[in-house]
Amino acid sequence: MTVPGRRSSTFTMLLRSGFTDPSAAARLLESDALAPVRTDPVLLDALGATADPDLALRGLVRLAEAQRAEDRPALLDTLVSSKPLRDRLLGVLGASEALADHLARHPRDWQALVTYEAADLHPGLAEFEQCLAEGHDPVALRVAYRRCLLSIAARDVCGTIDVAQTAAELADLATATLRAALRIASAAAPQDAARCRLAVIAMGKCGGNELNYVSDVDVIFVAEAANGAGGADAADGGNGRNRGNGATNGSANGDEHKALQAATRLASHLMRICSETTVEGSIWPVDANLRPEGRNGPLVRTLSSHLAYYQRWAKTWEFQALLKARAVAGDPELGAAYVDAINPLVWQAAERENFVADVQQMRRRVVDNIPASQVDRELKLGPGGLRDVEFAVQLLQLVHGRSDATLRSGTTLDALHALAAGGYVGRADAAQLNDAYRFLRAMEHRIQLHRLRRTHLVPEDEADLRRLGRSLGLRTEPVVELNKAWRRHASVVRRLHEKLFYRPLLDAVAQLAPGETRLSPRAAGQRLEALGYADPAAALRHLEALASGVTRKAAIQRTLLPVMLGWFADSADPDAGLLGFRKVSDALGKTPWYLRLLRDEGAAAENLARVLSAGRLAPDLLMRAPEAVALLGDPEGLQPRTHEALLQEVLAAVGRADSAEAAVTAARGVRRRELFRTAAADIIASYGTEDSPAETDRGALVDRVGRAVSDLTAATVAGALRAAVRDQWGDTLPTRFAVIGVGRFGGHELGYGSDADVLFVHEPREGVDEQDAAKAAQTVIAEMRRLLQLPTADPPLLIDADLRPEGRSGPLVRTLASYAAYYRRWSLTWESQALLRAAPVAGDPDLGRRFIDLIDPLRYPAEGLGDDAVREIRRLKARMESERLPRGADPTLHTKLGRGGLSDVEWTVQLLQMRHAWAEPALRTTRTREALAAAHAAGLIPAEEAQILDEAWVLATRVRNAVMLVRGRAGDTFPSEARELAAVGRYLGYAEGTVGEMLDDYRRTTRRARAVVDDLFYGG
């Protein structure tokens, strides 16, 4: 047979058979090793049916060439005469380059595939143990292991066994291998074997009877002295962590100590036998890092030591891992005693505080640790991957397995089937996830089988994808079909929390078709409790009210609620989120656009869930006008509006009103809506959503809130001023009148709970008596205050004028000339300091500008402050620290007056402004962060110290905002109630259960800031 050209019929035939390199294939077919069968059409058809015909043919030629001359005819004759052997052998050669290498080294091992007939296609543990019995040393064990692996792979690629059976047989083979390795280790050290009883506990996929072709085999070792009782009570083995050489804490028993040392040597030898690489390769790594204390703990412990650790120190994820624990090798009684002892602990894990949050946090941590370049190809750990299914199934098992023993399987698919049978998962949902899991596991198996390497990454090379697709039966367009199927199944898995965890809660309160199963009220309550709901009974009532019935509203709610329950559960207060959702739905449920918005605008539903469960302020604002929920579905709806737009809307609303009360009610309604817009945007940016991660520039968030609330307050004050004037004087007040914002108001740094600090200034119009003008101005101020504090559904706006000259004892309003006279004769240094953040916010703009011109020389004194003035400011600050901090307040956690808090940073920046702004124009700003940046740019403060102060100021401001958002009332320190404190932590970006870390970070940040303040403010 000559090598064909591109026009030959042989070339075309090979191409049609699936060969990608027909020329090379033709040359291989011409080899002497295949001479007797090269023209047999059965062989060519069989090669074309493999995953990679080119690879299969190369492997076949190598195998034939490796045969002894007298053995080759038997191979070739059997190859063409026996279809089962042909399919198995060529199937393996076309799927696994590594097993082809094994057959080339051990050419007689192909005969292992002949022995499997229809009656014995499914060997069990006993058969594998018998096959491995000839492995009396590590090298022989590796050869025997590969021979067994060859038989599993052959039946896998031919479809004789499915993916679950393949995984189970691989676990059985691993069990037999561990037993054989322990036998070899014991034979090498008979004295050690006689001194101890050692049991090997399989964990992970091996323990769950669902092993991969190439995977770490996770184990735990437990041992006792040869004459010891295997089920010793935990109290006999110490009461703490066991660090060191493996001896149980508190144990003085010399025999036990020697037994543990002997067991450690045996266990270490077992691990080396399986893990070390020889000319025959390695079997797989044995990983014992799931043991108590991980790699830092002793390799082997007694049973009592294990129990002592799990009862006192173990984390939630360790109990989740123990769900798959199975005794596989060594002393069977000790292994059984271990499993019996830890089982009750496993099924009590769901009662631990923050159980679901711990499991979900672990899952997020796994995803976060995937390199960005691999996340889209990660079949196991990536979003929509195998681990998502496994985590969700295990979560449900741990929650409901407490009272339902039928769920206590270590095998994912068996557990999923049991969950469906018990009504804990919808049957259709379970079927979809079963299909997705099987497909993804099959992909994983075939990827690993190629070179027998431990990988979970979908290949990028076209040839590898083609072989992978063909191995799964996708033959028309293997690459296209593979990617399509993979993405489809991954999409199903990505919805697993909705499908597995939340939807059955609705079935528990909804009317189901006859024959359908649903969660019992007890099981539904258990699930809600595990999710973090403090009042499961109330939550079930809310679900029933929302989802029951046959109306269109109920149908859409049943579609929305599963995923919304997940978002609520991801918050610090799921109960509040669900209650808020019920209230909003009751108010708007009959409004056509409301449910359509949540159903069709993906971001709207998640945004609403985040807002409703983040605290009291935003939901309270929303409940007063539920139609504001429309803002959450508009891409531009959460963008802050400009001061000009707000002022125009407020003044227009005031102009349309019939009375001053109605006018300010309208203005306050605008304020309420815009406060909600600002708070919602802040919460969503701080928490992040599935489609948009949390904003990392915390300073930008603070600036945005400060600017938005300050602009809104200025517009509201302007509206109240217009209403008060119009109601009594029409369009013209007898005196020009301006409102000057001071403090945070003038600095555009207002928080949600801030009052509006102001000064009032007026100037009589020409021909108006000064007393009449002053009376008119005072009347306007009194009316503005009254209107802004009228009891309505909207939050009041408090106007505070205590920073005026002479404080509360001075006149409420002065003329511009009076201010000039006072500041010229009586002004103190602290009053000049207070004016640093003065800016016009409402009223006559020309008068406001002239007031600023008046005070600029005071707040930015020529040649800076003298030494006496600096000392006065320092004395005043020190006195304020000692006198104004509330009794009992923790000075390390008080955001305003505490160490390194707002007051420290602001006074330091203001001192720099008063000393240097006369020479540095950039310092002439009312905004703290701008002034700090200008001070650094002018060389007045090093970059590191400026950053420390900025970070502390931003953090303290965010804490104050968080307290208001969470509690609905202002506060200067962290809440004491646990849920409120957790909610503050979530707003600040801390995961569930990390409140202590949040407080430590706050103290560390402000402590560093205080050190800078001591240097710059008191020492500079």
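How many nonpolar, polar and charged residues does the lining of the second largest pocket have? I get 12 nonpolar, 11 polar and 15 charged residues. For the classes, I took Ala, Val, Leu, Ile, Met, Phe, Trp, Tyr, Cys and Pro as nonpolar, Asp, Glu, Lys and Arg as charged, and the others, Gly among them, as polar.

Ground rules, before I go on. The model is predicted, with local features needing pLDDT of at least 70 and side-chain atom pairs pLDDT 80 or more, while totals for chains, interfaces and linings use all residues. Residues are numbered from 1 along each chain as its sequence is written, and side-chain values use heavy atoms, leaving out hydrogens and water.

Pocket entry. I found 38 residues in the lining of the second largest pocket, and Asp757, Leu803, Arg837, Arg884 and Lys896 lie nearest its centre. A pocket here is an open set of points on a 1 Å grid over the protein atoms alone, where a 1.4 Å probe fits, with protein on both sides within 12 Å along at least five of seven lines; lining residues have an atom within 4 Å of a point. The space inside is about 1,200 Å³, a volume filled by probe spheres set on the points, which are joined across faces, edges and corners. Helix 40 gives the largest share of the lining, 5 residues. Helices supplying at least two residues each include helix 39 (867-883) and helix 42 (943-967).

Whole-chain entry. I counted 44 helices and 10 strands, both DSSP runs numbered from the N terminus (helices H or I, at least four residues; strands E, at least two). The C-alpha trace spans about 130 × 75 × 60 Å along its principal axes. Of the 1020 residues, 56% are buried, meaning under 20% relative accessible area with a 1.4 Å probe, protein chains only.

Helix 24 entry. Residues 521-531 form helix 24, which is largely enclosed by the rest of the structure because 8 of its 11 residues are buried. Among them are Gln526 and Arg527. Just after helix 24, glycine 532 has a positive phi of about 110 degrees.

Glutamate 280 entry. I located glutamate 280 in the loop between helix 13 (254-275) and strand 3 (286-287). Glutamate 280 is buried, at 9% relative accessible area. Its side chain makes polar contacts with those of arginine 105 at 3.4 Å and histidine 106 at 2.8 Å. For me, a polar contact is a pair of N or O atoms within 3.5 Å; within protein, one must be able to donate a hydrogen and the other to accept it, and residues adjacent in sequence count only if both atoms are side-chain atoms.

Key
Buried means under 20% relative accessible area, exposed over 50%, partly exposed in between (1.4 Å probe, protein chains only).
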